Amino acid sequence: MNNLLDLHRPLGSTGLMVSPLGLGTVKLGRDQGVKYPSGFTIPDDAEARQLLALARDLGINLIDTAPAYGRSEERLGPLLRGQRQDWVIVSKVGEEFEGGLSRFDFSPEHTRFSVERSLKRLETDFIDLVLVHSDGNDLAILRDSGVYETLAELRQAGKIRAFGLSGKTVDGGLLALEQGDCAMVTYNLNEQGEKPVLDFAVQQNKGILIKKGLASGHACLDAGVDPVRASFELIFGHPGVTSAIIGTINPLHLSHNVATAAAVIGAHRH
């Protein structure tokens, strides 16, 4: 099997069903201040449309964007017109990227403003999952800023379906899951420090999205070992993982990633 169509799984207890790989879209909107091993050109609309069509054909229904990803959201709106029911859309609040620099605002006012702006840009009435785009001070953000309370109100109002944290610490991830629906966690061959968050998610039936699963393309292993396969063996070997977000804009890489993930998950099932 070379696609993920039969491998969709629940994102914790949110009621959302997602593919085990999601498409990250930072490269659709921004080429400044991004850490990748080699430079890239932002795809034009035709290339982006082809990439999204390929992802959909391969069984990917999860798409990850953010206001901090430059023009990503405003491009996805028109690109996904007429396909809203085919996608589970993840966006973020808290980080703004302007003039090559990030700044952060987790206040209730900015959170509401940011979600309304994302709804307009994405041309949708609701966002499936909104994550707090942490600056690293996870606990302070969750305890003091009011951002989680505001997201809970927006969920109540039907503007978002679920919320969580894209964080950087174990304590932040644990608190994010206690009080929310999902955590986005770094977990790869080089970095497994946030594994306790994955363990907790299993106990609590909460959603986990993996970021940097392929170590942003820096995966390094012995000769003869496929780094993508080794990465997915690690990631999907953990029962807490719902989905890994992959940010490629190369159709061949995307197809290889999907075939590899399908093989790894299929092997774990038997």
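Tutor: The protein chain has 10 helices and 12 strands, where helices (H or I, at least four residues) and strands (E, at least two) are DSSP runs numbered from the N terminus. Its radius of gyration is 17 Å, close to the 18 Å from the globule rule for 270 residues, so the chain is as compact as a globular protein of that length; the radius is taken over C-alpha atoms, and the rule is 2.2 Å times the number of residues to the power 0.38. This is a predicted model, with local features needing pLDDT of at least 70, side-chain atom pairs counting only at pLDDT 80 or more, and totals for chains, interfaces and linings using all residues. Residues are numbered from 1 along each chain as its sequence is written, and side-chain values use heavy atoms, leaving out hydrogens and water.

Now for the close look. Most residues other than glycine have a negative phi. Glutamate 123, though not a glycine, has a positive phi of about 55°, and you'll find this glutamate in the loop between α4 (108-122) and β8 (127-133). Asparagine 205 isn't a glycine either, and its phi is positive at about 55°; its place is the loop between α8 (195-204) and β11 (207-211).

What about exposure? Glutamate 123 has 41% relative accessibility and counts as partly exposed, that is, between buried (under 20% relative accessible area) and exposed (over 50%), with a 1.4 Å probe and protein chains only. Asparagine 205, at 43%, counts as partly exposed.
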